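Let's take a walk through this model, one chain at a time, and then look at where the chains meet. Keep the structure open as you read.

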Amino acid sequence: MMYFQKGDEIMDTEFNDKMPIYLQIMDIIKTDIVTGKLKLKDKLPSVREMASNLKVNPNTLQRSYQELERLGIVFTQRGTGTFVGEGKDMVDDLKKEMAKEVIDSFILRMKSLGFNASEIIKAVSKETMEVKQNG
Amino acid sequence: MFKLIKYELRATFLTIIGICISVIIASLLLMTRKGSWNTDIVTGLSVCLTIGAIIVISISSLKIMSKYLFGDSGYLLFTLPQSGMSIITSRIITALIQISIVTFVALLMCNLTLAGSIDFSYLKNFKVSELLYFIISYIWMIVYSLTLIYFCMIIGKVALKGKKLGKIGSFIIFIILTVAIGWLSTKITTLLPQTLNLNDFSINTQSSLINSNFAATGGVLNINIASTIFDILTFVGLFMGNSYLIDKKLDLS
Amino acid sequence: MDNILESKKVCKSYLNKKALRGVDLNITPGKIVGLLGPNGSGKTTFLKIAAGILHPSKGEILIDGHIPGVYTKSVVSYLPDNEYLLKWMKVRDAVMYFKDFYADFDEKKANELLIFMDLDENSTVKSLSKGMKEKLKLTLVLSRTAKLYILDEPLGGVDPTAREKILNAIVNNFSKDSSMIITTHLVNDIERIFDDVAFISDGEIVLHGNAEELRRDKKKSIDELYREVFK
């Protein structure tokens with residue numbers, strides 16, 4: 001199945017215009033790799049196609065792809081397109097990396113609310129239990 | 001340039017047809033009245049009709065240029081990759097064609113109404129050279145007048161800001177230029193009364209104050225050399241002026 | 001890389017007002033630039049000068065290295081803000097007109113765009129609604145393979161669905177060899193399409209930069225920046 005088809009919910013992506021868009025696009029792609037929506041060696045849509053679907057400047061998309069390539073997450077084959085990387089640890093690494101980002105900013109926020117380390121862990125355990133019980 | 005002419009003729013197609021049909025219908029109506037009304041009235045109305053039609057098409061033609069300069073259609077025309085020369089030439093040629101078609105139809109109808117039939121036999125009385133001269137003079141007169149009027153319109157637009165001011169300015173400049181050119185022309189004719197006889201190409205001196213170079217007096221075609229040269233130079237100046245102004249100075253508001 | 005548009009201290013003065021007071025702006029190929037400012041800021045004046053229907057009072061502007069004239073008109077595709085379509089024409093006629101006068105007009109692309117925009121080629125220009133006229137104007141302008149596209153308020157007075165189509169057409173038209181300069185009031189809808197933005201106020205450029213960098217540095221959207229600059 002082609003990624004980023006017109007029918008996808010991605011189409012109605014609400015970008016936050018206060019942040020560089022290329023970073024947000026990178027996040028979407030990274031998330032999709034982690035969740036398995038994009039598998040290893042999958043072909044990403046062409047810059048032109050994706051830009052058209054998302055209604056962003058193609059140069060912005062180009063930058064996203066280039067940055068992802070620099071980070072080793074995707075690679076480009078001249079004439080064929082851009083593909084998700086092959087490294088089997090890549091998905092795990094990405095997952096850990098993205099989780100770390102979420103957790104770090106969460107901890108920062110909790111600390112600003114006055115929680116200390118053990119209080120944070122307690123609160124998280126409690127909430128996780130509740131979420132588990134409520135399905 | 002020819003593409004411009006093609007599109008302009010298409011744009012005014014309906015107007016030309018409309019005027020021609022009006023003239024034809026009005027003439028036919030007049031003809032039915034020929035028996036019952038006074039001959040003078042019929043003649044008078046017929047002539048008025050002819051002149052009216054010519055005036056209407058001329059004004060309509062000028063309005064096209066006015067819309068280009070002062071209205072929205074100029075945005076399409078002046079962003080085309082066409083030189084000022086091409087634009088002004090095509091406009092003049094199109095106007096010439098428009099005016100000629102209506103004039104021809106109107107005269108034809110006038111002839112029909114007054115004489116009862118369309119008869120061109122009287123043309124045989126004229127020499128070929130005289131007919132040729134008449135046609136060329138006609139074309140020259142229209143092209144010259146149009147060039148002058150367009151020049152005034154463009155200068156008015158370039159020099160003065162605002163639609164109303166621009167149009168008033170054009171009119172004033174037209175009056176001034178016409179008077180100036182006329183005065184200069186008369187002066188030149190009086191100073192240099194040598195004329196050229198177009199029949200035998202002899203050079204005479206005519207002490208006539210009629211400097212109109214398309215007055216064929218009694219079958220003898222004499223044109224004043226100096227004033228003709230002056231007219232041609234003026235025409236070229238105005239024409240190049242139009243071309244230059246369109247290319248370099250025209251600002252569309 | 002040679003600039004497609006190079007403007008050095010371009011000024012335009014009228015009897016009673018200075019519309020442009022020295023505009024410096026350079027655009028390289030492959031860029032979509034937003035020229036943003038309120039009414040009367042001079043943006044339309046600047047675009048008209050680039051299109052060749054207005055002449056600067058001072059300063060110099062070069063399109064692909066040439067002064068505005070017959071050549072630049074052949075490589076610039078201009079979408080003015082007003083109703084310039086000839087009223088006697090049908091949609092088909094308008095397409096043929098562009099094809100006749102512009103060597104870089106792509107008829108195939110025009111037909112595709114007409115279908116995309118839901119325009120019937122047999123309708124007369126007179127019968128089109130405002131939104132449809134805008135879509136037709138844009139179709140004609142984007143069907144040319146120009147070096148510089150100048151779009152003056154392409155989204156003006158158009159309903160949201162039409163806006164979607166127009167934005168789509170603009171993004172799809174992008175090419176590495178050509179550039180676009182777009183003015184608009186509706187910054188919110190279109191800001192993701194811009195590479196660079198230039199804010200013009202009272203005839204001068206007051207802020208100029210890459211859109212993404214501005215977002216990163218100022219932590220604001222271009223729309224917010226716009227409101228801030230033109231409070």
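Predicted model: local features only at pLDDT ≥ 70, side-chain atom pairs only at ≥ 80, totals over all residues.

As for labels, residues are numbered from 1 along each chain as its sequence is written, while chains are lettered from A and ligands numbered from 1 in the order in which they are written.

Let's stay with chain C. Its C-alpha atoms fill a box of roughly 45 × 40 × 40 Å along the principal axes. The radius of gyration is taken over C-alpha atoms, and the globule rule is 2.2 Å times the number of residues to the power 0.38. For 231 residues a compact globule would come out near 17 Å, and chain C, at 17 Å, agrees with that. Of those 231 residues, 48% are buried, meaning that 20 or more other C-beta atoms, placed from the backbone, lie within 10 Å of the residue's own.

Now find the open sheet of 3 strands in chain C, ordered β2-β1-β4 with antiparallel pairing. Two strands pair if DSSP finds at least two bridges between them. The edges are β2 (18-27) and β4 (58-63) of chain C, each pairing on one side only, and the twist averages 20° from one strand to the next; axes are lines fitted to C-alpha atoms, with angles running from 0 to 180 degrees between N-to-C directions. Strand β1 (residues 5-13) of chain C runs antiparallel to β2(C) over 7 bridges. To pick out a bridge on screen, look for S7(C), whose partner in β2(C) is L25(C).

What does chain C touch? On one side, 19 residues of chain B are in contact with 22 residues of chain C. Chain B uses α1 (2-33), α3 (73-77) and α7 (225-249) here, each supplying at least two residues. The chain B side holds 8 nonpolar, 4 polar and 7 charged residues; Ala, Val, Leu, Ile, Met, Phe, Trp, Tyr, Cys and Pro count as nonpolar, Asp, Glu, Lys and Arg as charged, and the others, Gly among them, as polar.

Chain A also meets chain C, with 15 residues of chain A in contact with 19 residues of chain C. Here α1 (21-35), α2 (47-54) and α3 (58-70) of chain A give two or more residues each, and α3(A) has the largest share, 3 residues. The side of chain A that touches chain C divides into 8 nonpolar, 4 polar and 3 charged residues.

Finally, chain B itself splits into domain 1 (1-119) and domain 2 (125-253), with bounds that come from an automatic or database domain assignment. Between them, 17 residues of domain 1 of chain B are in contact with 19 residues of domain 2 of chain B. On the domain 1 side, α4(B) gives the most, with 8 residues, and the classes there are 13 nonpolar, 4 polar and no charged residues.

Notes
Buried ≥ 20, exposed ≤ 12 C-beta atoms within 10 Å, placed from the backbone. Contact = placed C-beta atoms within 7 Å. Helix = DSSP H or I, 4+ residues; strand = E, 2+ residues; numbered from the N terminus.
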